[in-house]
Every structure is written in C-alpha cells, then in structure tokens.
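Please consult the sequence and the structure alongside the text.

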Amino acid sequence: MHLRFALAIVAAVAMQARADTDAIVHGTVVKVEDHEIYVDLGTSRGIADGAPLRLKRPIHLKHPITRAPISDWIPIGAATITQAGSTLSRAVIGELVDQVQPGDIAEVLVVAEHDASPQPVVASGPPVDPATQDVLRVFAGQANQPIDTRIATWERYLSRHPGSKLAPAITTDLETLRNLRDAMHAPTAAQINESVSTVAHHAPSQASLAAAVPVAFVLAQPEHVASAYLHYRTAGTRTYRRLLLVREHDVYLRGVIPADAVRPPGVEYFVELATPSGRTSIALGSPESPTRVEVAAPPILERFAATPDRSSVHVDARYLDFATFDKRTGNRRDTMTQATIDFVYRLDGRRPGPSFVESLGVGYGIYDGKGGFADHAWTASDPLPTAGFRYGYADIEVGGHLASVHVSAGGQVIAGVGRDGFGMGLEGRVRLGDRDDTNLVLSGRTVDQVGYLSEIKLGVRPLDAVMVGVSVGATDQPARGDTGVILGTELELVSLDRVSITARGSWQGRSTQHGGVGGGAGVGFYW
Amino acid sequence: MRTPICLAAIATSFAITSAAHAAVHVPPSDATAGTPLELVVEAPPSTPSLVVHYRAPHASGFTALELVRKDDAHWTATLPGDVVIAPGVDYYIDAGGTPIFASQQWPHTTLVHLSADDARRTRDSLRSQARRYRVHALGEFVDFGSKKTEANMPLTDRYYRVDADFSYRLWAYPLEELQFGYTRLLGEAPREDMTASSGAGFKVAGWFGLGMAVAEGVRIDGRAIVLATQSGFQMGTRGEARLGELDGSHVALGGEYLADVGTSAFFRLGWGTVPGFPMAATVEVTNLPVSTNDHGVRLFYDVAHEVLAGVHVGVRLGYAARDQQVHGFTSGATATVDF
C-alpha cells in the first residue's frame with residue numbers, strides 16, 4: 001500500500017518536470033575550459049546569444065519509503081549563452097566553472113508560448129500512517145532543491161524523529177547527499193565559522209572509563225537552527241566521529257557520546273549547527289580547540305584483570321648427545337639433559353596488544369650433564385665428569401611496534417644450586433615479530449657452573465595450527481667444556497583446545513668427529 | 001575555565017528566546033557524590049508549576065520535587081545528597097505536567113563523581129565483596145632431601161612452617177591493610193661440620209605488618225618480626241613488593257630475614273585467570289631453617305578454591321634442592337576466611 005502511494009508521488013514529481021520542459025531546451029555540458037563551458041545546444045534548437053542558461057547536477061537517489069531508484073537534480077548555477085553556434089553553444093560562466101563538470105544538465109529558456117505552470121497533482125492511493133506521511137511530505141518538498149537544503153531538511157527531520165522507523169533509510173540517503181556535497185564543494189573555513197547560533201552547555205569535568213557521556217546543549221536562537229551535529233573523538237586520535245543531536249522541546253540538543261570513545265586521556269567534542277538552508281556553523285568549540293572531558297587511566301590493577309587466555313604453563317624436556325657419531329675408541333660420552341617448567345602470564349593476551357610489559361614468567365629447571373669435551377677419552381683414573389644445576393628463574397619480556405614490526409626484548413634472572421653450591425645466571429633475548437607468528441629470536445644465556453648458550457631461532461607459522469622453529473646455537477654446556485654447535489628444529493601443534501604439543505630434534509657437535517643427535521618434547525597448557 | 005560558553009555572553013539571546021520558550025534549563029556539568037545538586041530553570045514568574053522528577057541510579061521510579069522561585073527569572077530545586085550517587089542521577093523537568101526538559105522516557109543524566117579515594121575505596125570494596133577482615137593460615141612441610149655423612153649417616157634437611165595471621169583492610173590510602181600474625185618454624189638441618197643434623201628454627205614468632213599502596217595495584221608489604229630462637233630473643237623482617245592483586249593475577253618480589261633461622265628471597269607469579277581457582281608459582285632461594293645452611297632453590301605451586309562464600313582452601317606442592325644431587329618436595333595447605 002505504501003508502495004503504490006509513494007509511486008504516485010514519484011509520478012507527480014516526474015509529471016511536473018515534464019511540464020517544465022515545455023519552455024526549456026535540455027542539453028548537456030560537453031566541455032569545461034577556463035571560465036567557460038560548451039553545451040550541446042545551438043541555433044538549430046532555437047538557442048540564441050544571450051539566452052538564459054541554467055546548470056544542474058543530475059543525482060541518483062532512492063525513495064525513502066519504497067527504496068526505488070530516483071533520478072533528480074540539484075541546481076548548480078545560472079549564466080547566459082555568450083555565443084550560439086548551430087549545434088554547440090559557448091557560455092562564459094566565470095568562477096562558477098569550478099562547480100561544473102561535463103555531463104551536467106544545461107537548460108536554456110526558450111520563450112514559451114503558453115503558461116507552463118504545472119497543474120496541481122493530487123496523488124491518489126491508500127492512506128498511510130502519519131510517520132510515513134511526514135517523510136513523504138519532507139521528500140516531496142526537496143524536489144529540485146539545492147543540496148545543502150536537502151541535507152538540512154533530512155537532518156532536521158532526523159533530529160526531531162530519531163526513533164522513526166524510516167530513520168535508517170533516511171540516514172543512508174543523507175550520507176549519499178553528504179558525499180555528493182563533499183565531491184562538489186567542501187565548505188570553506190569561512191563558511192563554517194559563520195555564526196548561526198550559540199549554545200549554552202556545561203561540560204563534565206571528567207568521565208569514567210568506557211562509560212557513555214550524556215550531553216545537553218541549549219540553543220540561543222533555535223529558530224535559526226535546523227539540526228546539529230556533535231563531533232567527538234578520543235583525545236589523541238586524529239579524526240572525529242559525528243553524531244546527529246536529538247532536538248527536544250525545540251531549544252535542547254541532546255546526545256550521548258558512546259562508551260567506546262570514552263578512553264584515557266579524555267574525550268573531545270565540538271558542536272556544529274546547520275540552518276534550514278544548509279548553512280553550517282560551529283557553535284561550541286572547534287576541531288582545533290574542542291571541549292575536553294578528562295578520562296582517568298585505569299589503575300595498574302586493571303592490567304592484571306582476570307582475563308582468560310593470558311596464563312600458560314609449559315613443561316619441556318630435551319636430551320642432547322654430542323657423541324652419538326663419535327666412533328673413536330674410548331669412553332667419549334658427552335650428554336646433557338635439560339628440563340623446565342615455565343609459568344607465563346601474558347599481559348597482552350595471546351595476541352599482540354597495546355602493552356609495554358608483554359609477559360611475566362617464573363619457572364624452574366634442571367641441567368644434568370656428563371662430559372663436555374670434544375677429544376677427551378674418559379678412563380677409570382680420569383672418570384667421566386658430571387655436572388648438574390637446579391635453578392629457578394624470573395622472566396620478563398617488554399616490547400612494542402617499531403615501523404609496524406613487533407619488537408620485544410626479554411630477560412631472565414636465574415638462581416640455582418649445583419656442584420659448587422649456589423650460583424646465578426642471566427638470559428637476554430631480542431625478538432623480531434610476534435611470538436605467536438613468524439618471529440626471529442636472538443638469545444644469550446650464561447649460567448654459573450653450567451656454561452653459556454647463544455642461539456638464533458626462526459619461528460614460522462606455515463599453518464594456523466602449526467609452528468615450526470629452526471635454530472642455530474653455540475654452547476659450552478653442560479660443564480663449561482669445549483664449545484659446540486647445536487642445529488635444532490621443532491614442531492609445535494598449537495590448535496588443540498588450550499593445549500600445545502612440541503617435538504624437537506637436533507644435531508650437535510663439538511668437532512667433526514664428536515657429534516650426535518638429540519631430541520625433546522614439551523606440552524603447554526593455556527587458560 | 002572548562003565551561004565553554006559563558007552564560008553571560010548569551011544572556012541577551014536567551015532573553016529574546018525566553019518569550020518563545022518559557023523555561024530554559026542548562027543542565028549542570030557534573031556533581032560530586034553525596035553533595036546536594038542544585039538545578040536552576042530560567043523562567044518567568046508566571047510559569048506553571050515547575051517540577052523536577054529525579055531518581056538515583058538503579059532506582060525504579062522518579063521522585064517529584066517542585067522548584068521554588070529564586071528571583072524574577074529563575075526557579076531552583078536542590079536534589080538531596082543521598083540520591084546524588086555515581087555514576088549519575090537521572091531527572092527531567094515539567095511545567096504544569098508538560099515536560100520542558102528531557103522526559104520520563106529519556107531523562108537527562110548528570111554524571112556523578114566520587115573523590116579519588118572514595119572511588120578507589122569503592123573498587124576495593126567491590127573486589128573484596130565488602131569483606132574487610134581476613135583470617136589466614138598456612139602450613140607447609142619443606143624437605144630438601146637427605147645427604148650422607150662420611151659415616152653414611154643421613155643428614156636431614158627439612159622443616160615445617162605454620163603461619164597464622166589476621167588482616168584488616170583499612171583502606172586509608174596509602175595505608176591499605178594492617179596485619180598481625182604468628183609463625184612457627186621448626187626443622188632439622190645439617191650442622192656446619194656436616195657430621196649430623198640438629199634441630200633448627202623457632203617455636204613462636206609474632207609479627208605486625210603494614211600493607212602500603214601508593215597506587216592502586218602497586219603494593220608494598222612490610223613486616224616486623226620478633227622471635228624466640230634457640231639462642232634467645234631475635235628480630236626479623238619481611239618485605240614484599242607486588243603488582244596486581246594478591247588473590248588474582250600478580251607478580252611479587254620479596255625477601256625475609258629471620259635471625260639465626262635464615263633468609264629467603266622469592267619471586268612469585270600469580271594468576272586469577274581460572275574463575276574460582278587463584279593460582280601462583282613461586283621461586284624461592286633460601287637457607288632456612290638455619291642461617292648457616294647452604295642456599296637452596298625451591299619452586300612451589302599454590303592453588304586455592306572458594307568452598308564457601310569467603311572461605312578458600314588451597315594446597316601447595318613444590319620441589320626443593322640444595323645441590324644438584326639431593327632434592328626433596330614441598331607440600332602444604334592454606335585456608336583463608338574473609339568476612
């Protein structure tokens with residue numbers, strides 16, 4: 001029913017346009033040059049020098065009720081034909097040329113021999129509800145109106161009927177019109193600064209984090225104002241978001257700054273007014289000097305909130321044999337076993353986030369080793385040396401983004417007991433890339449009574465469920481013996497529900513003759 | 001000055017519009033909790049009865065309060081402080097029953113702020129579920145394993161420890177908490193000549209502690225301890241610096257000195273990411289139970305669960321070693337009652 005009635009209105013508008021063409025010759029702008037244009041109308045169509053010329057921009061909209069496509073136009077300006085040719089005419093239009101583009105409609109008035117005034121058209125159709133009638137009335141009144149007027153009319157309607165069932169469709173059309181206006185001519189600073197009205201407003205001094213902020217403004221000259229926008233942003237961000245304020249009791253403009261914009265260090269806003277003709281003005285603050293409401297940063301305690309997916313524990317064990325392939329005679333045993341249990345709390349969650357301290361950890365580990373030398377054959381009089389270390393550690397990793405690359409640095413403080421009693425150790429590392437994705441880690445560790453390990457490890461994630469690591473390291477562990485090389489690979493399945501499983505393999509050697517293989521496994525739990 | 005538009009500057013404009021708009025109200029910027037809130041309406045004396053309808057947060061209905069004339073152009077009403085509650089007070093105004101500012105369907109909300117200390121106290125109260133008292137007990141048995149003497153006799157190295165304490169959350173910032181407690185620590189440790197083990201520790205120690213927090217979530221606990229050891233009256237102290245919440249996710253670094261008995265330093269990582277099961281892992285370097293002992297390293301893991309409202313019980317499991325060959329285990333239990 002609404003559709004039929006709406007189509008009748010559309011037909012009425014169209015019929016009115018046809019009546020106007022009785023006295024008007026239509027053409028198109030075909031060329032735009034410095035201060036002049038050419039149109040495809042000439043003396044063959046009755047055009048003469050000095051004939052008045054109107055220029056219009058065709059626009060394509062949708063009907064607010066039926067959503068049927070509608071072709072309409074908006075006026076650009078008027079001029080006169082400077083020189084009429086047989087098929088083309090030239091018009092010098094001066095500064096107006098900036099707003100004209102090829103394809104615009106050119107209409108030249110040819111003296112009409114009859115009254116072309118359109119006859120009133122009475123639309124027939126079934127009755128519609130008052131809200132739809134309101135929208136149809138506003139829409140019908142926009143025909144052939146300048147774009148600023150169309151925008152102001154719809155904004156005025158929306159500000160007074162924010163709950164209308166047709167508001168979403170009108171909002172869509174409004175955005176189309178705004179984009180068109182921006183494409184045609186952005187308002188100049190002088191236009192924006194022209195005063196339409198002032199508003200009285202007491203800004204809140206502070207707001208709570210992530211809590212919406214209601215605001216109300218009182219118009220000093222409500223009769224001058226069709227609509228108003230609140231432009232708001234989180235302080236420190238570049239762009240403002242726009243909110244059409246609700247007009248209430250004629251003099252009040254009300255709105256609510258959404259909670260997601262209310263973040264530290266504050267929220268900023270200014271108010272823009274529009275007149276019924278579409279002229280706009282800043283009424284409170286400005287883009288450069290907005291009104292500001294402070295928002296306090298959350299306490300440090302919030303950084304430790306009970307957010308899931310931040311905690312994990314990994315249990316790992318590895319066994320390295322440096323002499324598997326040493327075929328020389330004698331006891332050349334050279335092995336090392338290492339096991340750790342590692343508790344980690346991710347302050348940034350399992351995906352990178354805005355956190356300087358990214359993780360904190362604590363853990364416990366053991367080293368046990370035998371041998372440690374490339375060319376030593378152990379005998380009864382020169383027995384195989386053993387080494388061991390039991391240690392705990394605290395771990396921290398800090399990081400951020402440098403030129404869009406995630407970079408972090410971490411370290412461990414190690415304290416433990418070994419063959420010679422209490423000892424300390426340190427580990428440092430630098431990571432390029434996200435730890436849950438492709439990343440490169442350069443690390444160094446030295447532990448009292450055990451030795452050092454320097455390592456470069458590349459981790460990649462070829463599949464969402466799989467991480468693969470390749471490492472190259474140098475070490476004199478487990479007993480500060482000869483330096484050897486470790487070439488390691490590891491495969492980690494990470495798609496299991498809150499569990500990951502790791503398998504490792506390695507080749508290590510302290511000389512060409514003294515080398516061997518190793519392996520290990522690990523399991524991680526996340527919650 | 002934060003008020004962006006001076007009312008005086010537009011007073012003339014409002015005078016003009018007042019004929020068309022009989023009553024104008026500029027809502028106040030915000031309010032302080034518990035402080036009466038004055039609302040002013042600019043309206044001529046002939047205006048029909050002006051009534052403000054207000055409600056505190058979460059209140060079901062509005063309360064009506066008639067505005068009174070302040071002068072020829074202004075009417076006023078003051079909302080009582082007990083409805084001025086964070087996060088905001090809702091109201092609308094009508095004249096003769098017709099809304100002139102906001103409406104019952106969409107009242108205006110004036111934001112209400114707490115003072116910094118009150119806001120913090122409110123958050124602390126929410127976290128603790130308004131329980132300001134805590135009774136806590138911890139018992140643990142720590143075994144570093146047994147070495148052998150040259151005569152092949154065992155050298156035991158172990159102790160048990162019981163801590164019982166009472167805390168009151170004062171929330172007089174930066175002082176957050178007062179603590180009183182009792183500790184008992186008894187065990188056996190190798191003598192310095194490593195010929196045998198002998199008794200170590202103390203039967204009773206009392207202590208008093210303060211929990212200071214210069215910022216929310218940044219806490220320093222200090223403790224002064226008096227103890228009666230095998231050599232007589234002695235002193236001790238304990239300190240802990242902590243980021244985060246003790247019963248939730250946190251990281252802590254601390255140390256303890258007990259004269260004759262030993263010292264310890266620890267690093268603890270706690271997490272509250274599993275609802276209802278706060279956990280912590282701690283690495284500790286210590287020479288307890290006797291100060292002449294070698295230092296050893298412990299790792300222990302705590303997990304607790306709320307079995308009744310405000311009642312948590314937990315267990316502690318751990319591993320301890322004083323050298324690479326000899327090790328032992330830690331076990332313990334905790335109970336906490338908040339009320």
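The model is predicted: local features need pLDDT of at least 70, side-chain atom pairs count only at pLDDT 80 or more, and totals for chains, interfaces and linings use all residues. Residues are numbered from 1 along each chain as its sequence is written, while chains are lettered from A and ligands numbered from 1 in the order in which they are written.

**Surroundings of L67(B)**

- L67(B) lies in the loop between β4 (63–66) and β5 (68–69) of chain B; strands are DSSP runs of E of at least two residues, and helices are runs of H or I of at least four, numbered from the N terminus.
- Leaving aside residues up to four places away in sequence, L67(B) touches V41(B), L50(B), V51(B), V52(B), W75(B), T76(B) and A77(B) (contact: C-beta atoms, placed from the backbone, within 7 Å).
- The C-alpha atoms of L67(B) and A77(B) are 4.7 Å apart, although 10 residues separate the two in sequence.

**Chain B overall**

- Chain B contains two helices and 23 strands.
- Of its 339 residues, 37% of chain B count as buried.

**Helix pair in chain A**

- In α3(A), residues including W154(A) and L158(A) meet residues of α4(A), among them L174(A) and L177(A).

Notes:
Two residues are in contact if their C-beta atoms, placed from the backbone, lie within 7 Å. A residue is buried if 20 or more other C-beta atoms lie within 10 Å of its own, exposed if 12 or fewer, and partly exposed in between; C-beta atoms are placed from the backbone.
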